[in-house]
Amino acid sequence: MDKLFLVSFLGLLITHAVGGNMLYDKFNILGELEDLNIAEEDMELFEDPSWISERGGKVLVNVDSFGAVGDGVSDDTEAFRKAWNTSCSTSKSVLLVPPGRRYLVNATRFKGPCEERLVVQIDGTIVARDEPNDWDPNLPRNWLVFSKLEGVVFQGNGVIDGSGSKWWASSCKKNKSNPCRGAPTALTIDSSSSIKVKGLTIQNSQQMNFVISRCESVRVSEVQVSCPGDSPNTDGIHITGSTNVVLQDSKIGTGDDCISIVNASSGIKMKRIYCGPGHGVRCHVCSCGSLIKGGSGYVRGVRFENVRMEDVANPIIIDQFYCDSPKTCQNQTSAVQISQIMYRNISGTTKSKEAMKFACSDTTPCSNIVLSNINLEKKDGTAETYCNSAQGFGYGIVHPSADCLSSNDKGYILIDHKENSELAEPTGDHIVHTEL
């Protein structure tokens, strides 16, 4: 089991088709990384939904009024489609999924654009069919998809339940005799802008739980994502092709990455994320099916800070040889360029020999990795650092030593002098990451 309380992950930038290199001196690099601060984001959602009275001027659109039964057995798909069409075409409307009921809904696309100030209020439970053979062949990778929206709020105390147990059992990762095939994502928000999501629970997805795709300006808070630790490929929140996304105050437990970020994404910020079980936050810079098939690109300007590790495998890792494949991962010849990555105020224990691992491509080395105030110990041995084609520098305490990081200026390689430790004093709450 992994547990991670993430205080700050800042300023991720991934794009395609990058040409040329930019050289920064170390002070400029530090200055740019220091500027990646998160202000408390505006999360002004409708805390006390105005549809409960006439005062708010909202138009209530209840799925029950369109024939939804809510017994968890009857097919309520058509009722949801009709309710969506009405609410989408009505200004200041609230699409209500009322509490205390279970609504069985098949794979469906809910398309915009919609009239202004639409609220999707989910207080009941929406469940998917649990039998893979009954799934709509026209939507093999989707369950609930919302697209082409602007300024829509998704909120409530309800549950989106993917009923994924049979999908997991039929996965080739569970049983190698099974054919490898894709499975649906529970909730997808696609090609949308100025979206807010708050308070919802997404659980037991067939595969990925919540995907933010090709979106701009998305705010997610107080969301819970839950899948068993052994459920395959059940990424918690997956971000692709999106900009200006803020995730905060959420709990995520999955069988794969708690949060995964892939190509053409920028301005991704997250605070106070509790992760476990799961693999933490992963930027897919060299995994099959993500950036490597797109050719080249970069990840630049990322800061991890205020993290407390407890018996964790690979507490700090960059791995351009990772691939989600049964075949051996080869040294990549067109890997994504990784630069300006800061790890600061990270301490605790590692259960793997390599407390820090920087495995970068020989043809596209990692550059400007910054380490500050790192103290990682191994309970039953000596912690080590592994490097391949990685360059960087450090200040303050760095333990274990990372002298394997190359540098053009040897005078700047990883200082371990106590007189510099004041440069890296811990600030704020620490992340707690436990792996059992």
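Guide: Tryptophan 135 and tryptophan 167 are both buried, meaning under 20% relative accessible area, with exposed over 50% and partly exposed in between (1.4 Å probe, protein chains only). Keep in mind that this is a predicted model: local features need pLDDT of at least 70 and side-chain atom pairs count only at pLDDT 80 or more, while totals for chains, interfaces and linings use all residues. Residues are numbered from 1 along each chain as its sequence is written, and side-chain values use heavy atoms, with hydrogens and water left out.

Visitor: How do the rings of tryptophan 135 and tryptophan 167 sit, stacked or edge-to-face?
Guide: Their centres are 5.6 Å apart and the planes make 90°, so the pair is edge-to-face. For Phe, Tyr and Trp (its six-membered ring), centres within 6.5 Å make a pair; planes under 30 degrees apart count as stacked, over 60 as edge-to-face and the rest as tilted.

Visitor: And where are they in the chain?
Guide: Tryptophan 135 is in the loop between β9 (125–127) and β10 (142–147), and tryptophan 167 is in helix α3 (residues 165–169), 32 residues apart. Helices (H or I, at least four residues) and strands (E, at least two) are DSSP runs, numbered from the N terminus.

Visitor: What about phenylalanine 304 and tyrosine 343?
Guide: That pair is stacked, because the ring centres lie 5.3 Å apart with the planes at 5°. Phenylalanine 304 belongs to strand β24 (residues 297–312) and tyrosine 343 to strand β26 (residues 337–350). Tyrosine 343 is buried at 5% relative accessibility, and phenylalanine 304 is buried at 18%.

Visitor: Switching to disulfides, how many are there?
Guide: Four, taking a disulfide as a pair of cysteine sulfur atoms within 2.5 Å. One of them joins cysteine 387 to cysteine 404, S to S 2.0 Å.

Visitor: Which parts does the link of cysteine 387 and cysteine 404 tie together?
Guide: Cysteine 387 lies in strand β29 and cysteine 404 in the loop between β30 (390–399) and β31 (431–435), so the link ties parts 17 residues apart in sequence. The link is right-handed, with 50° about the S-S bond. Cysteine 404 is partly exposed at 35% relative accessibility.

Visitor: Last one: what sits over the ring of tyrosine 298?
Guide: The charged end of arginine 300, 4.7 Å from the ring centre. The cut-offs are NZ of Lys or CZ of Arg within 6 Å of the centre and within 35 degrees of the ring normal.
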